[in-house]
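Grab a pencil and have a look at the protein below. Then try the exercises before you peek at the solutions.

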Amino acid sequence: MNKFLKNTLFVSLSILLLMSILIFGILWTYSNNIPDYRFLKNYKPPVSSKVYSGDGDLVADFSKEKRIFVPFNSIPKNVVNSFLSAEDKNFFSHPGVDAKGVLRAVINNISNIISSKRLEGASTITQQVAKNFLLSNEVSLNRKIKEAILAFRIERALSKQRILELYLNQIYLGSGAYGVAAASLQYFDKSIKDLDYSEAALLAALPKAPSKYNPYRDIKLAKFRRNLVLKNLLENKYIDLKKYNYLKDKKIDLNKSKKIFLEDAQYYIEDVRKKVIETLTYDKVYKQGFNINTPINLEFQKIATETLRDGLISYDKRKGWRGVLTNKNYSKNWNKDLEKYNLEDSINWKLAIIKKLNKFSVNIETEDELNGKIEFKDISWTKKEFDQLFKVGDIVYVKKVGAKSYSLKQLPNVNGGIVVMDPYTGRVLALSGGFSFKKSEFNRATQAFRQPGSAFKPFVYALALENNYTPTTLILDAPIVLDQGEDLKMWKPENYGKKFYGPSTLRIGLEKSRNLMTVRIAQDLGVKKIVNFSKNLGIYDNPEELLSISLGSTETTLLKLTSAYSVFVNGGKLVDPILIDRIQDSEGKTIFNNEKRKCINCDQISYLGKEYPIVKDNYKKIFSPQTSYQMTSILEGVVQRGTAKKLRDLELNIAGKTGTTNKNTDTWFIGYTSNLLIGVYVGLDNPSPLGRHETGSKTALPIFKEFIKKTVNKSDARPFKAAEGTVMMVVDPKTGQKAKFNSKNTIIEVYKKQNVIEGKVLYSNNDRLDANNILKFY
């Protein structure tokens, strides 16, 4: 071998050795400075927790990213083939880095640099997994080297199927969707198993540039990119030429998934979210994919929200017009920078600008560039003329009422809440805590502590019935002045209307909501007994021992008060309000269950037999079923003859009680049928008088009435079931005495059996009130 060949061989070997040492050194350096990839073996991407209604409808999604994890064996072949054709056709044959692809990219990029075109990448799916899970998006040689090393190591540690599973569940596909399952719902409202090749190819087209190729943004560009993927599918022999020609001409048919965040249920959903996070922590709720079952009835929820809003608007109209939102110069962009005035879509109001004032109408343009008019009849509630209301450029809320006609709207100052419950289980079927969640997330059903006023009185009367009173016990309705204790001024309660009615039956005291009678009953029972009773009911936590508690002077929430009323329907059992039925983890294991009832003999019953399941519960007994039924009878009287008689024309079996606090500051109505309990509260967020005649009967009761009209049929409002151990007698409602023959003014009164002997009521009238007792009450 001549000297030249020897020198050439020596130099070549030296260069090869130096390159090997250099490459080894680089690999050694980077290998000791790369993230740990071994966690990918058991890694599951963050998955959203989902909230379901009582009927199983999806109503909310608690997530940072829209993602549904799908195991590899549940991902259809056409989806896998589409992504392989779009991103990495040699995936199942390369060791993590595709040498052929890298060489091809280098050659093509020389041409691309010369022609100033975009450079090609050569990343495999494995490299993308390394980048997405372990590295940043930094564009540098440093990252590419780490990416290649990690790709080789990931291929040795994980199966190809596992790598694809991670990729297809982690990849961002635009419109907030992460992973193929979420993207399938986002773009087509379909499960991935129902996708055809055209749809799968569109999803596979997106990872390259999710925003650029998003079909909602540019349908033509999205179709172009989809067809490139279809061409790759043809070249890779996943589809034939005939199918390719058919699919490439197919229109992209988008079908955006239905909005899962139900606007009407935002107050309910937010309370559920807070409770779940409090129980399970924020990190788990937003990453571990819990299934949260709630009792919410979506139809009830929609109606409850609508009726609350309508009731608040009705009150607000009585108080007149307060003024426009703002004023702007009219231009094409007048509707910009008005986001702070946006309301829920379900309210169905639009922002509009006043363009021209006429004598009997005004011309407007809505935020969505529709022209129309507000006629005089649609501002009659303001009791003003157009020129007193508006000037050109004023911004107002309007609602469409005709082809081109709109009515004037105003965001109510007043607010309130509504709660709908199952009185036998405490399951909350609907809840709304205000007019607009967007304007205020403060929940007036669960967070607003307000005085219940007369809505608390039924509990005083129930306690009296538990302590040897009867519905016809006579109590004096007359002035009273009470010493409330040291450093407290004398208390002189009054009836609404400042009248006195003399001796009246206990029933009349509640039906007519007599304050003085209630105070005398409370005085006889003792404040401590009433305080303890209210705490057992869960109405108050630690109230002051003042006699004024009997008139509802201590603050509570609508949800607590409504829940307490359940004892009148279900036979005296206390049920806690339930917003969450059950929580399951991502594998279907129940980790939380609110069911308090148990079936005693279910495992012994044949579905062919005649035996019935025996269901028992562990609800706390507050008072007897007899007292419960007596109270329901009296509260039915409130509807028939008392402060809630506006409900009579419904001709349904309804019981309930109004509530109005001092100076008409807070107003309430809590009412129920035989299987449904509804509570309504109306008041100002900054407590102040609603107006002279704005009582519970005028503000809260109409909301209850509208809800009942839209949800309850006669067959649903069955007569209340009489409790065992009670007897009924026909009596004179004024005197409480047994009615005389042919007497016209009578009612059927309910007594406990132990209070009736041989047709005579004991502990009633003079049988109850001996000389000492008469002094106490009279």
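Two residues are in contact when they have heavy atoms within 4.5 Å of each other. Keep in mind that this model is predicted.

**Exercise 1.** Find out which residues of helix 2 and helix 8 meet, and sort them by class.

*Solution.* Start by locating the helices: helix 2 covers residues 77-87 and helix 8 covers residues 197-205. Next, list the contacts. From helix 2 come Asn78, Val79, Asn81, Ser82, Phe83, Ala86 and Glu87, and they meet Tyr197, Ala200, Ala201, Leu203 and Ala204 in helix 8. Now sort them: the contact has eight nonpolar, three polar and one charged residues.

**Exercise 2.** Work out how helix 2 is oriented relative to helix 8.

*Solution.* First get the numbers: the helices pack at an angle of about 40 degrees, and their axes are 8 Å apart. Then check the cut-offs: an angle under 35 degrees would count as roughly parallel, and 65 to 115 as roughly perpendicular. So helix 2 is oblique to helix 8.

**Exercise 3.** Decide whether Asp337 and Asn468 are buried, partly exposed or exposed.

*Solution.* Begin with Asp337, in the loop between strand 6 and strand 7. Its phi is near 60 degrees, a positive value in a residue other than glycine. Exposed means over 50% relative accessible area, so Asp337, at 66%, counts as exposed. Move on to Asn468, in the loop between helix 15 and strand 14. Its phi is positive too, near 75 degrees. With a relative accessible area of 42%, Asn468 is partly exposed.

Definitions and conventions. Residues numbered from 1 in each chain as written. Predicted model: local features only at pLDDT ≥ 70, side-chain atom pairs only at ≥ 80, totals over all residues. Heavy atoms only, no water. Axes fitted to C-alpha atoms, helices over the stretch in contact; angles between N-to-C directions. Helix = DSSP H or I, 4+ residues; strand = E, 2+ residues; numbered from the N terminus. Parallel < 35°, antiparallel > 145°, perpendicular 65-115°, else oblique. Nonpolar A, V, L, I, M, F, W, Y, C, P; charged D, E, K, R; others polar. Buried < 20%, exposed > 50% of the residue type's maximum accessible area, 1.4 Å probe, protein only.
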